[in-house]
Amino acid sequence: MQKILRKKSFPQWVKKLESYKIYAPAKNGDVWNYEAVNHSEDIDLDYLNSVLSPKKIIFPQREIFLEFSTSNDGNPEINEVLPEENPSVIFGVRPCDAKALTLTDSVFGGDFDDLYYWRRRDQAILVGLACHNPPSPNCFCLSVNGSPHSKEGLDILMTDLGDRYYVESLTEKGNKLLNLGNKFFEEPKAKDKKDLEKINLASEKKIKRRIKEIKKIPPQLKEMFDSPFWDEEAMSCIRCGICTYLCPTCHCFDISDEVLSSSPIEGKRVRTWDTCQFPDFTMHSSGHNPRPDKASRLRQRILHKFQYFVERYKNYQCTGCGRCISKCPVGIDIIEVLDKVRDYGT
Amino acid sequence: MVNLEDLKKEAKRILEEGKIKYIIGYERSPNGMMSMPAFIKNPEDAERLTWDPSCVYNLTRFLVDEKRRKAKEKKPDTRPVAIVVKGCDSRAVVVLLQEKFINREDVYILGVSCEGAGVVDEKKLTEKLKGKKADKIEFSEKDHFLITSDGEKIKIPAQEILAERCLECRANFPVIYDEVLGEKVERRPEDPFKSIERIESLSKEERWAFWKEQLDKCIRCYACRSVCPMCYCDECVVDTISFAVAADTTAEEKAQKIKWIERSPDSSENFVYHLVRAIHLAGRCIDCGECERACPLDIPVRLLNKKLEKEAKELFDYEVGFDPEKPSLASSFKDDDPEDFIR
């Protein structure tokens, strides 16, 4: 289903979606982030990209699994906690971030469905916003099977045509959303389609950064596990969690018990984000850590994204959003690292 | 003015002599204007070194890594490492020396002058350039930076795009060095604690609201800790099991390990993290501002440390990182130290 929506009608359409919880990018200080929105007028789609991807809504940094306590008769009591039934619409999703969710879908689905992830995922409707201009100078979606107007993972894709949006519904969920605001939409004319094509072509040309000959990288990485390369590359790494926490595809987590009171026992079992960059990641109870230094941790990040994930899911675990490059406090650039990997030893 | 060729020549000389293990310095990033940390081992690579207002990083943090690496080596290379330091960074070296974390003979200090200016705030520059991309930034005549953008040269008064901490800097020339480049240009800040004025003027309730809003944004990536040269503890309270577990650590010892803080990024735990860090930096923080620069969520963490810096000055007349021979604040005691705040 393809429609045209005048920009001034956008808030009115959103108002019709009152039965949904609405998320949109919001500015806090100098940074944009996805927040729950109460008034449709507050949505500002004139933004670049959020610091954290919408991953934080589908796979929140903290998720309560269950609550435990001692009941009055002294027996343990355990209550399952599930995400609320709360259908949501996420506006302004960048194509790279939508594609990223299709990757985390593979991880949290497959042989075993992660109940918590899917409860949120199934309830969310993703309304994408094609990138006119690359949101970041470090965007490289074209190198990793993406594009600034990719529809993958989205329910609706909106493209800014100046005074109006070109709105394409891609799923049943998307159709439902458009139908709720039926009277605000118009049929696209030939000129609209032409404008759309022009913008899509131009937006691709504006993406300057590339990973060259990416196909050579996975087999090359396989040969480089024991290479001294990683020691050299990791010299400037400070082992913080920015690259992984900001990554729309990173999905590692830890489960721990948060005890509020030890007598009587009361507490919660929670899942929180974890990252391969932290010193206690994969620390064994024996005290042995198979990844004892920052070189092995940097290697893990790169190999997971460009070798292990490719072997398992036939896709790169990276959508080229460029966040890890832009926000690294010491300027580690994954494109540079991969360029060196590809040319290593030649 | 620092002559970059002099820096490269000096770097080449010390590497050729073979008395230095490697040099921790700055090099240009292949993308964009910002520099990045460089680790130079071979004399011919000394060419890569740079020094310009984009050298924001406090490289002394890598002296901590060096010490850790050396401790693990069976036959450690005991030669010193050389490090390029700005005035503020040199004060961090002083603190590491005072605390006996490093020895003077383990480090060869290559000081560079900030030429009476300082380093750039990338965000301020981006705003100033209104969408134009900067390719290069250089020190220009007194108090100006020269920006190259799309082949065009733009001169901007340094004051307009300096990092906040540079506006309050009290050491724009290295306080300790083996070799120093550039001139000492006196520039005293009008008020070294101006940045905390606004928060100090707020009521207790308003301050609480301010910090709650700020710290609630924290995702606990620990970039502020990781980038800090003073956060060198082997065991940090926030890491769940980073404490020294060895093959012979008993189950009982592990069980007795107290979990001081939960991983959940909520108000309570975020406050614990940031306040523990701030207190541990009292009398130690030299205000390099790296914590705030590294924060992806724009939390003004520097202000916490700035407040404690002011307390140290006002209560104990102590200024951090100027004299390696003096004891640190926490390890010095005077009979007339104020104590009326102890209740």
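Lys9(B) counts as exposed because it has 12 C-beta neighbours inside 10 Å. The model is predicted: local features need pLDDT of at least 70, side-chain atom pairs count only at pLDDT 80 or more, and totals for chains, interfaces and linings use all residues. Residues are numbered from 1 along each chain as its sequence is written, while chains are lettered from A and ligands numbered from 1 in the order in which they are written.

Lys9(B) lies in helix H1 (residues 4-17) of chain B. Helices (H or I, at least four residues) and strands (E, at least two) are DSSP runs, numbered from the N terminus. The C-alpha atoms of Lys9(B) and Glu47(B) are 8.4 Å apart, although 38 residues separate them along the chain.

In chain A, 4 strands form an open antiparallel sheet in the order S5-S4-S12-S11. Strands S5 (76-80) and S11 (253-262) of chain A each have a single partner strand, so one side of each lacks a neighbour in the sheet. Two strands pair if DSSP finds at least two bridges between them. Strands S4 (residues 62-70) and S12 (residues 265-273) of chain A are joined by 7 bridges. Leu66(A) has Arg269(A) as its bridge partner in S12(A).

The contact takes 34 residues from chain A and 36 residues from chain B. Residues are in contact if their C-beta atoms, placed from the backbone, lie within 7 Å. On the side of chain A that touches chain B, S11(A) gives the largest share, 3 residues.

Notes. A residue is buried if 20 or more other C-beta atoms lie within 10 Å of its own, exposed if 12 or fewer, and partly exposed in between; C-beta atoms are placed from the backbone. Two residues are in contact if their C-beta atoms, placed from the backbone, lie within 7 Å.
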